[in-house]
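Let's take a walk through this model together, beginning with the surroundings of the ligand and moving on to domains and helix packing.

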Amino acid sequence: MKRNHSSGGPDYRPETLALGYGYDPFLSEGAIKPPVFLTSTFQFRSAADGKRFFELAYGLGEPKGDENPGLIYSRLNNPNLQIFEERMAAFDQTEAAAVFASGMAAIASTVLALTRPGDVIVSSAPVYGGTHYLFKNILPRYGIEVRFVPAGDDAPAAMARVADECGPERVRMLFLETPANPSITLTDIQAVARLARRLSTDRERPVVTAVDNTFLGPVFQRPASSGADLVIYSATKFIGGHSDLIAGVVSGGQALMNEILEIRAILGTMANPFTGWMLLRSLETLSVRMHRQAKSALKLAQMLARHSKVRRVMHPSLLEPGSNQHDILERQCSGPGALISFEVDGGEQAAFKVLDSFEICSLAVSLGGTETLVEHPMTMTHADVPPDELELLGVSPGLIRISVGLEHLTDLKRDIRQALEKI
Ligand SMILES: Cc1ncc(COP(=O)(O)O)c(C=O)c1O
């Protein structure tokens, strides 16, 4: 199955490519699905082949036509990872993708590949706790400074101000997480990418826009189409989708990806073949799952917004038409996603009562799985965020986050209603 016109085939959609692209059954005894290539190393047919594969893998020679580096060693390449990567790039509409052992391995490898001592990363805030820790506590040890600006309407202008303050020539990366978690605040990717291009004028190393697309992508948000250079995921979430694996993905243009692949090959931050195989299975149903989960989330958000014991609900479907946030949603996203945050009256005690009363929804952090997960951001995912920052993020003691799964909507509605009745 070919990916697009330029490679000689019709322009199939990612949902179709997820079922067959990049795999030739007749190289694997006709098996309709790729086997798991649980092997550390690959045998060369000849010494000349081995030499050529290394030349291509290490960039010591130019590929002839569409020649690809052959399989060498599973830290460098493996069929389960490569097939998944080609299908992910199709979803993201990018030239290449790379799969990692975790979302954090993807983020850390990207930053290590692209920054040098003295560089500045300007990041939206909030970002996932692990990313925040990396940016705040680990990168400064290597001379890389990270400045944060609040996510939302003013983020692109705030990033421009920060770049002016610290010297535009030092800025190497603009990092975004949109929607932000758990406030579901959106940041305009196009506007940030425009700023990156402006800051890159007359520079040898352009400023890179990197978007953590874990919450909506790749089905409802395609940052590369909005001008982002790199799209990053915790594939542990919707992409894996069954709460049974840990993985990460980065995708983007081939030149940037080559820099990231170099670091992945040397640090060994790639995923293992079995995880690659599980991700391939998951990618086949990704679009169906995300659409169904978002459809249920929309109905649940509407129900929560009408409930007398709920003070406020955050879900993109509830953004006010005409507001800046709604405009960004319309331009940038094709669906609202499956994450809802809502606040109950009565603070932590009431929130805990609700959390302990669910019968179907499971009390656990993480998100994007087939089962509905509920958690308390203030004492769980955001436990190490200082109180003044929590207030800015809208994280209050009564706030609960739901990642809506695939259970029947009627049962989810009933479960949420009965849990709210307990307070
Ligand atoms: C938005 C986001 N990015 C990155 C990560 C890190 O991913 P992982 O846990 O796969 O390392 C997470 C994990 O929760 C996340 O929510």
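The shell around the ligand is made up of three nonpolar, eight polar and two charged residues. In this grouping, Ala, Val, Leu, Ile, Met, Phe, Trp, Tyr, Cys and Pro count as nonpolar, Asp, Glu, Lys and Arg as charged, and the others, Gly among them, as polar. In total, 13 residues surround the ligand, and the closest are Ser102, Gly103, Tyr128, Ser234 and Thr236. A residue is near a molecule if its C-beta atom, placed from the backbone, lies within 6 Å of it. Two or more residues of the shell come from each of helix 4 (103-114) and helix 5 (129-138). Helices here are DSSP runs (H or I, at least four residues), numbered from the N terminus.

A word on the source: this is a predicted model, in which local features need pLDDT of at least 70, side-chain atom pairs count only at pLDDT 80 or more, and totals for chains, interfaces and linings use all residues. Residues are numbered from 1 along each chain as its sequence is written.

Stepping back, the chain is divided into domain 1 (5-282) and domain 2 (286-421), with bounds that come from an automatic or database domain assignment. Their C-alpha centres lie 28 Å apart. The contact between them draws 27 residues from domain 1 and 35 residues from domain 2; two residues are in contact if their C-beta atoms, placed from the backbone, lie within 7 Å. On the side of domain 1 that touches domain 2 there are 14 nonpolar, nine polar and four charged residues.

| Helix pair | Axis angle | Axis distance |
|---|---|---|
| Helix 6 (155-166) and helix 7 (189-200) | about 25° | 9 Å |
| Helix 4 and helix 8 (254-267) | roughly 115° | within 8 Å |

Axes are lines fitted to C-alpha atoms over the stretch in contact, and angles run from 0 to 180 degrees between N-to-C directions.

Helix 6 is therefore roughly parallel to helix 7 (angles under 35 degrees). Pro156, Met159, Ala160 and Ala163 of helix 6 meet Ala191, Val192, Leu195 and Leu199 of helix 7. This contact holds eight nonpolar, no polar and no charged residues.

Helix 4, by contrast, is roughly perpendicular to helix 8 (65 to 115 degrees). Here the contact includes Ser109 and Thr110 of helix 4, and Glu259, Glu262 and Arg264 of helix 8. Its residues divide into six nonpolar, two polar and three charged.

Methods
Parallel < 35°, antiparallel > 145°, perpendicular 65-115°, else oblique.
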